[in-house]
Amino acid sequence: MGKVFSGAILTFLAPLAAAQNQVNMSPGVTEIGADIFELHMLIMWICVVIGVAVFAVMFYSIYAHRKSKGHQASQFHESTKVEVAWTVVPFLILIAMAVPATSTLLEVYDNDEAELDILITGYQWKWKYEYLEESGEPVAFFSNLATSQEEIYNTDKKGDNYLLEVDEPLVIPTNTKVRFLITANDVIHSWWVPEIAVKRDAIPGFINEAWTRVPEEGIYRGQCTELCGSYHGFMPVVVHAVPRGEFDAWMAAKRGAAVAQTQLAMQTLSVDDLMDQGKAVYDSACLACHGAQGQGGIGNAIAGSAVVMGDLSSHMAVVAKGVSGTAMQAFGGQLNDVEMAAVLTYQRNAFGNNTGDVVQPGDVTGMKNG
Amino acid sequence: MGAHHHGPAQGISRWLFTTNHKDIGTMYLWFSFAMFLLGGFFAMVIRAELFQPGMQLVEPGFFNQMTTLHGLVMVFGAIMPSFVGLANWLIPMMIGAPDMALPRMNNWSFWILPPAFLMLASTLFMEGGAPAFGWTFYAPLSTTYAAPSVTFFIFAIHILGVSSIMGSINIIATVMNMRAPGMTYMKMPLFVWTWLITAFLLVAVMPVLAGAVTMMLMDIHFGTSFFSAAGGGDPVLFQHIFWFFGHPEVYIIILPAFGVVSQIIPAFSRKPLFGYASMVYATASIAFLSFIVWAHHMYTVGMPIAGELFFMYATMLIAVPTGVKVFNWISTMWRGALSFETPMLFCIGFLILFTLGGFTGLMLSIAPADFQYHDTYFVVAHFHYVMVAGAVFSMTAAIYYWLPKWCGRMYSEAMGKTHFWISFIGFNITFFPQHFVGLAGMPRRIPDYALQFADFNMMSSIGAFIYGASQLLFLYNVIATIVAGKPVSDEKVWDGAEGLEWTVPTPAPYHTFEEPPAVPKPAGTI
């Protein structure tokens, strides 16, 4: 019995000792993160001290003032002095807590003089990042969960960054004041990265501000923290902080790719190109609901679907505008014309649909405009 | 019939048509226990899914339905009705009244509850599933993006609100008009005081909740845009309205619990409650403050800094009256003659764990730190410490304490104590590690989590199964007591118990205080 009991205790204490089980807030890498951490520890220790004192009195009473030991109850039931004291003293302690809390809060709210603005938009269930710069080709992209369905459904071994990995992270320069303008496209989301101590709700129709200045290079991971529907648990945030030079090079490459994409939209693409790119778009945007073989799941089957094999413009309307009242979202704002053309072509020819239809970026642009 | 005392009617009509406060109290208590088991079952589904990383048992959408229904059923179906049941049984007996002031309305306020919950539970079987937007039902997830069953949810909330308002009006009317001669306000037992204040809170905020769900209904079906920026509305408006209801709501849940603890601790300390008057004033202060702190649930929505500061300071202030209460309870125990029967054990459990929940509440009130805590498991741990270890523990204490008076039979002390220790240990294994995973960065309301949270989640799930199983022992103990417990006939079942309810025969007869009793001494003295 004793062995079983101590075994049980050990089972429960082991995780506390194991290194990978973090039990406290992380001070993170930013100045504000460190300030918040200190504030958190300060308030916690004040609570611990008060708690120890109060419970010591209670446990002493439980030990010493037992009826079973023959203790006689005294009958006192009020004392104005004591009651005033334990009203006033806590009040003073609270004032002592409010002072550092106020100054930290003022720092958190200091959104001025940012060197880089990034618009973050929450979608069900991914993030869109847009770099707001005055000149140059605009850079914007979506950041999707990169963990595979096989890992989630336990048929594949889970990687180290299970559920905290994305296909394309947000890249920011170190030692630069970056301002985040945060909003949402559908429901409320919340953008949180614990290590840089930024959490702000993304509210459709409104723009919230937050900022950070990351001193160290690194990869910082977080998650959406506002319930936003079925896949709320599957929209991580990953931030890469890189030195300014590396950031500029990355930015230039992204701009180049954006220019190439625009040019691509004016060309006629080969069927193979469309099918390849279409498969890539399908796998990141459609697969979770419609299945790897187009067999359906949360969404309808793509294989043999009347919509997919029917009129092209109504097929595109469904993909672009979604179906209200269902989980089928509007992808019009999320896919550019090349991607849209590719995924339409892919859906119309993959999974045995074999319609032979080829949709070119120009067709998509045409349908959009009229 | 004339002057005859008549007992209960026979068969089902006794329960359907009863206007007797004891019958209605009993029905409320059984109903809330059934809801407690249902909500607990939902919690078990949640903990089973979270036992290991990866999706195992349910789909993410269904997981959200479980968290939503768990919250709604526990708050509106288990905790609130259980305290209304307790109020029905005890308030007339504590103030020397023959019944509640509005007995027919009393019947109605109970009987509309079961259909409302039946309707809410039936949404599980509807196309698109049950509500899956959390018990806080933030728009537009609960409006534009909700399953069609949301309309049934709105109707259910309306009915619950009507029931609560009727129950509260009844309690206010009873306490104000039906006290026995000599039972002045400042002689009323603390349980009556806390309920009187709670009833005023309910009357003030339930209509606000009704307003919120009505606006949702309009947005969903009638083309308005209260909560949609595209039509000139604001999703954050929903949160302001919801929490203007929601914050007082959490005090609605906890104040009667304070009342219960203030009755039981003196009884087992054999010593009058310390600081009776300050307890009353502290309760009233908490109730007042509850109206001006709602936006501390919304520190991350992007409020102006002035708003953040105001709500932070106001929220921190709540620690003062709450501290006074804890100090008073401990002073009541100090130099008493303590004994540790099951009700007292649950009250001491309450005292320790509720105080821990209060400390984390104070931490959460600090706005800049809340940017890291908000919507993580740290919050989940916090509110389960105050809701479960606060409200549910005190409710359990109340059942053990008054059950012998109600049914004239004694529960099994050994089983009661076993129930306490399993509950206490199971509860802490469940919720203490949630502080850790929350601080380490685990968001709430997610069906699957990163690998670093795995150990503590498994621990939490094991604790939850232990805590859940202990409630079946409780159910068995209560039924065994009612059916075959050792008969007790002393008017004062507990030697230290004080108050008018202990002056009537045991078991309490169907009608009590048809003649007003003489009120002997002020509360606060023996």
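The model is predicted, so local features need pLDDT of at least 70 and side-chain atom pairs count only at pLDDT 80 or more, while totals for chains, interfaces and linings use all residues. Residues are numbered from 1 along each chain as its sequence is written, chains are lettered from A and ligands numbered from 1 in the order in which they are written, and side-chain values use heavy atoms, with hydrogens and water left out. In short, chain A and chain B bury about 8200 Å² between them, and the structure holds 14 salt bridges over all chains.

**Where chain A meets chain B**

- On the contact count, 90 residues of chain A touch 98 residues of chain B; contact here means heavy atoms within 4.5 Å.
- Of the roughly 8200 Å² buried between the two chains, 70% is on carbon and sulfur atoms. Buried area is the accessible area (1.4 Å probe) that two parts lose on being put together, summed over both.
- Polar contacts are another story: 29 residue pairs make them across the interface of chain A and chain B, both residues at pLDDT 80 or more. A polar contact is a pair of N or O atoms within 3.5 Å; within protein, one must be able to donate a hydrogen and the other to accept it, and residues adjacent in sequence count only if both atoms are side-chain atoms.
- On the side of chain A that touches chain B, helix 1 (2-17), helix 2 (31-64), helix 3 (80-108), strand 7 (198-202) and strand 9 (218-224) each supply at least two residues. Helices (H or I, at least four residues) and strands (E, at least two) are DSSP runs, numbered from the N terminus.
- Helix 2 of chain A gives the most to that side, with 16 residues.
- By type, the chain A side splits into 49 nonpolar, 31 polar and 10 charged residues. Ala, Val, Leu, Ile, Met, Phe, Trp, Tyr, Cys and Pro count as nonpolar, Asp, Glu, Lys and Arg as charged, and the others, Gly among them, as polar.

**Domains of chain A**

- Chain A is assigned domain 1 (25-58 + 82-110), domain 2 (116-150 + 161-262) and domain 3 (267-369), with bounds from an automatic or database domain assignment.
- Nine residues of domain 2 of chain A and 10 residues of domain 3 of chain A take part in the contact between them.
- The centres of these two domains, taken over C-alpha atoms, are 26 Å apart.
- Domain 2 and domain 3 of chain A bury about 820 Å² between them, 46% of it on carbon and sulfur atoms.
- Between domain 2 and domain 3 of chain A there are zero salt bridges and two residue pairs in polar contact, both at pLDDT 80 or more.

**Salt bridges within the chains**

- A:Arg179 pairs with A:Asp117, with the closest N and O atoms 2.9 Å apart.
- A:Arg179 sits in strand 5 (residues 177-184) and A:Asp117 in strand 1 of chain A, so this pair ties together parts 62 residues apart in sequence.
- A:Asp117, A:Arg179 and A:Glu209 are linked in a salt-bridge network.
- A:Glu115 bridges to A:Arg213 at 3.9 Å between the closest N and O atoms.
- A:Arg213 is partly exposed at 38% relative accessible area (buried means under 20%, exposed over 50%, partly exposed in between; 1.4 Å probe, protein chains only).
- In chain B, B:Arg444 bridges to B:Asp375, the closest N and O atoms being 3.5 Å apart. Both partners are buried, B:Arg444 at 12% relative accessibility and B:Asp375 at 6%.

**Two residues to look at**

- A:Asn353 lies in the loop between helix 9 (337-349) and helix 10 (361-369) of chain A, and counts as buried at 4% relative accessibility.
- Beyond its neighbours within four places in sequence, A:Asn353 is in contact with residues including A:Ile302, A:Met309 and A:Arg348.
- A:Lys158 is in the loop between helix 4 (149-152) and strand 4 (170-173) of chain A, and is buried at 16%.
- Leaving out residues up to four places away in sequence, A:Lys158 touches A:Glu151 and A:Ile152, plus B:Pro53, B:Gly54 and B:Leu451.
- The side chain of A:Lys158 makes a polar contact with that of A:Asn154 (2.6 Å).

Note on methods:
Salt bridge = Lys/Arg side-chain N within 4 Å of Asp/Glu carboxyl O.
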